[in-house]
Structures are given as C-alpha cells and as structure tokens.
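Work through the exercises below with the sequence and the model in view. Try each task before reading its solution.

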Amino acid sequence: MKLLKIALLTSLISLSTTVFAEQAKNPLSVHILNQQTGLPSAGVAVTLEHKEGDRWVSLSSGVTDNDGRIPALYPQGKNMALGDYKVTFKTGEYFSKLKQETFFPEIPVVFHVIKTNQHLHVPLLLSQYGYSTYRGS
C-alpha cells in the first residue's frame, strides 16, 4: 500500500511538472483582476488575433480560470512571430453574469512583438466603467 501511495504521488508530481513546463514554454499569458472587488475575474472569454496585412486572423481563445488567468493563450507548440497581436477581453458577458452594467463590452489590447523567444504577459485591471493594462512579466 505504501509503494502504491509513493507511485501515485510520483505520478502526480511528474504530471504537475509537465503541465507547468508546457505552460512556461507558452509565450503569452493574461490575467484579469476586478478593481471593484479586488478579486480575480473568472470566466471571462479572451481571444487572440495576429495582424496579417490589413486583416486580423484568429489564433486562439480561452476562458480565465478561478484565478482570473489564462496561463497559455498562444497556440501550443508554436513560436510567436514578430508583428502585431490583439487580445480581446469579452467583458460584457462577464459583467452581465454579475448582473452589472458596463461601458466596455469588449476590451481589445493591441501590442507589437519585436523580439522572439520571450514570455509576454498582458494583465487587465477591470471595473465597470474603466480599465488599465500594461506589459507584465
């Protein structure tokens, strides 16, 4: 029984390490914090697009976890190309679920990648009638 517990614990540690390593390799993460409550914004849909010529091309999407994060938004196993990207936070649906109005139903954040092989983090500080973002780490 003791050997079974040790084997199970070893398997869980290995799985956790693998998941963390995969997320760490991903070049893009996002985080949303609700400034009104001071709590993470869980359940917010987020999309990622890349500008190709004069149009935006969809790359991926996700939903923030209970900590308000999407730790790996960029498509897995791909290097982030140089150029312009847009992360769009679907905040209207989030506030609707809270039965609150908002002035910003979507918040697009456009950023420019000038260096490959780096991790980029886009945090969003959110309220019903305002927001702030910056390049995080």
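**Exercise 1.** Classify aspartate 67 as buried, partly exposed or exposed, and find its salt-bridge partner.

*Solution.* Step 1: buried means under 20% relative accessible area, exposed over 50%, and partly exposed in between (1.4 Å probe, protein chains only). Step 2: aspartate 67 has a relative accessible area of 38%, so it is partly exposed. Step 3: a salt bridge needs a side-chain nitrogen of Lys or Arg within 4 Å of a carboxyl oxygen of Asp or Glu. Step 4: arginine 69 is the partner of aspartate 67, with the closest N and O atoms 2.8 Å apart. Step 5: arginine 69, at 33%, is also partly exposed.

This is a predicted model, in which local features need pLDDT of at least 70 and side-chain atom pairs pLDDT 80 or more, while totals for chains, interfaces and linings use all residues. Residues are numbered from 1 along each chain as its sequence is written, and side-chain values use heavy atoms, without hydrogens and water.

**Exercise 2.** Which residue forms a salt bridge with glutamate 49, and are the two buried or exposed?

*Solution.* Step 1: the partner of glutamate 49 is lysine 86, with the closest N and O atoms 3.8 Å apart. Step 2: glutamate 49 is in strand β3 and lysine 86 in strand β6, 37 residues apart (strands are DSSP runs of E, at least two residues, and helices runs of H or I, at least four, numbered from the N terminus). Step 3: both glutamate 49 and lysine 86 are buried.

**Exercise 3.** Describe the salt bridge of glutamate 106.

*Solution.* Step 1: glutamate 106 pairs with lysine 90, the closest N and O atoms being 3.0 Å apart. Step 2: glutamate 106 is in the loop between α2 and β7 and lysine 90 in the loop between β6 and α2, so the pair ties together parts 16 residues apart in sequence.
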